[in-house]
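Here are my notes for your first look at this model. Keep the structure open while you read, and check each point against it.

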Amino acid sequence: MSPFVVGLGEAMVLFQPADGRALAECATASVHVAGAELNLLAAVRRAGVRAGFCSRVGADPFGERVVAAAERLGVETGLVGVDPGRPTGVFAKDVRGDGARRVYYYRSGSAASALDEQDAERALAAGPTVVAVSGLTAALGPGPRRAVRRVAGAPGVHLALDPNLRPGLPPMTELLLELLPVTAWLLLGVEEARPLFGTSEPDEVFRRAAAAGVGEVVLKGGADGCWFGEAGSPVHMPSAAVRIVDPVGAGDAFAGAYLGARLRGIGPRGAAWLGSRFAAGVIGAPGDTDGLPGADEAAALVADASLM
C-alpha cells in the first residue's frame with residue numbers, strides 16, 4: 001500500500017507586510033495560507049508522498065482560500081469540513097527592525113478550534129498510513145485534544161508528532177509525554193526538548209526519547225542544523241540555508257520532507273539532508289510554503305537523497 005499521510009490541525013489565512021515594514025506602518029500586505037500541519041503536508045507531498053488535510057474552516061472567503069491553497073499544494077482536502085457557525089482563523093506576521101518575526105494569532109472561536117473525535121474518526125476512515133499532529137492542535141481546546149488522543153491511539157496507524165510548543169498557548173507537555181510511547185516519528189525542535197526531556201543535549205534527548213518508547217527522533221536545531229539517528233546515536237548535519245528572508249515555516253518544511261523521505265524508504269541521513277534543503281528554500285522566501293522546491297527540483301532532490 002502506498003504511504004498516505006493525514007495531518008490533523010488548523011490552517012489560517014496569513015497577512016504580512018509586503019514592503020518590508022512593520023505591520024503598524026506598512027502600506028500593503030501580502031496574503032498567504034499557513035498552519036503547522038498544512039505546511040508539513042505540503043512538504044510531504046513535494047517529497048512524492050500522498051498527503052491529506054483533516055480540519056475545519058468557516059463558511060467564509062478565508063475558508064475557501066485555505067482549501068484552494070491546500071489543493072494548489074497538492075494536498076487532498078476531502079477531509080476538510082465547513083462550519084457555518086464559526087470563522088476561519090487568521091494571523092499576521094510582523095517584521096522587526098532586527099529582521100526577526102513576531103506572529104499575532106486571531107483564532108479564538110475558530111472553526112478548527114471545534115475539532116473533536118468525529119474529525120479524528122473521519123481522518124482514520126480515510127485509511128492513512130501516518131497521522132501527523134502537533135502540540136499546536138492540542139492547544140486549541142478540549143475538543144482538539146480529544147481528537148489528537150483518538151488518532152494517536154488508533155491501531156495500525158503510525159503517529160508523527162511535532163511538539164510545536166508555543167509560549168502564548170496552554171502548555172501541552174503532559175499530553176505530549178502521554179503520546180510518546182505511541183509515537184513512530186518525533187520531529188522535535190531543540191527548544192522543545194528541555195520541556196519534554198529535561199535536556200537539550202542531543203545524546204541525552206535521543207536516549208530519553210527511546211526510553212519513552214519513541215520509534216525515531218530527528219532534532220531540529222534551526223540555524224544550528226539538525227541531528228538524526230544513525231546506529232542508535234545522534235549525528236549532526238549543518239543547516240543548508242544561505243539566505244534568510246523569513247524563518248517561519250522552515251521547521252515544518254524540514255519535518256515534512258524528512259517524514260516523506262522516510263516513507264519512501266530513504267535512510268535517516270538522506271531524509272535529514274532532504275529536510276535541510278526544503279527548509280533552506282522556505283527560509284529564503286516570504287510565506288510558510290512559498291519557498292518549497294517545485295515539482296521537478298523536488299524530484300531531483302529526492303533522487304539525490306535516496307543515494308545517501
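**Notes on the predicted model**

1. Start with one residue. T183 is found in strand β10, which covers residues 183-189. The model is a predicted one. Is T183 buried or exposed? T183 has 2% relative accessibility, so it counts as buried. Buried here means under 20% relative accessible area. Now look at what surrounds this residue. With neighbours within four places in sequence left aside, T183 is in contact with L159, L161, G213, V214 and G215.

2. Next, find the sheet that holds β10. Nine strands form an open sheet in the order β5-β4-β1-β8-β9-β10-β11-β12-β13. The pairing in this sheet is mixed. Which strands stand at the edges? They are β5 and β13 (233-237). Each has a single partner strand, so one side of each lacks a neighbour in the sheet. On average, neighbouring strands of this sheet are turned by 20° against each other, direction ignored.

3. Stay with β10 and look at its pairing with β9. The two strands run parallel and are joined by three bridges. A160 has W185 in β10 as its bridge partner. Helix α7 packs on the sheet, where it touches β9, β10, β11 (216-220) and β12 (226-230). The direction of α7 makes about 120° with that of β10. Helix α8, residues 202-211, packs on this sheet too. Its contacts are with β10, β11, β12 and β13. The direction of α8 makes about 150° with that of β11.

4. Move along the sheet to β4, residues 50-58. How many of its nine residues are buried? Eight are, and the strand is mostly covered. Five bridges connect β4 with β1, and these two strands run parallel. Across that pairing, G7 stands opposite F53 in β4. Strand β5 (residues 76-83) also runs parallel to β4, with six bridges between them. There, S55 stands opposite V80 in β5.

5. Now turn to a helix. In α5 (residues 142-152), the buried residues are G143, P144, A147, V148, V151 and A152. What covers them? The cover includes three strands of the nine-strand sheet, β1 (4-8), β8 (130-134) and β9 (158-162). It also includes the helices α3 (117-125), α4 (135-138) and α6 (173-179).

6. There is another sheet to find. It is open, with four strands in the order β3-β2-β6-β7 and mixed pairing. The edge strands are β3 (29-34) and β7; each has a single partner, so one side of each is left without a neighbour in the sheet. Neighbouring strands here are turned by 25° against each other on average, direction ignored. Strand β2 (residues 12-17) runs antiparallel to β3, and six bridges join the two. L14 has H32 in β3 as its bridge partner. Helix α2 (residues 61-72) packs on this sheet and touches β2, β3 and β6 (90-95). The direction of α2 makes about 95° with that of β2.

7. Look for the largest pocket. Its volume is about 1100 Å³. Its lining has 47 residues, and P247, V248, G249, A250 and G251 lie nearest the centre. Which elements give two or more residues to this lining? They are α1 (36-46), β7 (101-106), α4, α7 (190-197), α9 (250-263) and α10 (268-283). By class, the lining has 23 nonpolar, twelve polar and twelve charged residues.

8. The largest cavity has a volume of about 50 Å³. Its lining is A36, E37, L40, A132, V133, S134, D162, N164 and D252. The elements α1 and β8 each give two or more residues to this lining. Four of the lining residues are nonpolar, two are polar and three are charged.

9. Finish in a loop. G294 sits between α10 and α11 (295-305). This glycine has a relative accessible area of 36%, so it counts as partly exposed. G294 and D19 are 275 residues apart in sequence. In space they are 25 Å apart, C-alpha to C-alpha.

Terms used
Residues are numbered from 1 along each chain as its sequence is written. This is a predicted model: local features need pLDDT of at least 70, side-chain atom pairs count only at pLDDT 80 or more; totals for chains, interfaces and linings use all residues. Side-chain values use heavy atoms; hydrogens and water are left out. Buried means under 20% relative accessible area, exposed over 50%, partly exposed in between (1.4 Å probe, protein chains only). Contact means heavy atoms within 4.5 Å. On a 1 Å grid over the protein atoms alone, a cavity is a set of points where a 1.4 Å probe fits but cannot get out, and a pocket is an open set with protein on both sides within 12 Å along at least five of seven lines; lining residues have an atom within 4 Å of a point. Grid points are joined across faces, edges and corners, and a volume is the space filled by probe spheres set on the points. Ala, Val, Leu, Ile, Met, Phe, Trp, Tyr, Cys and Pro count as nonpolar, Asp, Glu, Lys and Arg as charged, and the others, Gly among them, as polar. Two strands pair if DSSP finds at least two bridges between them. Axes are lines fitted to C-alpha atoms, for helices over the stretch in contact, and angles run from 0 to 180 degrees between N-to-C directions.
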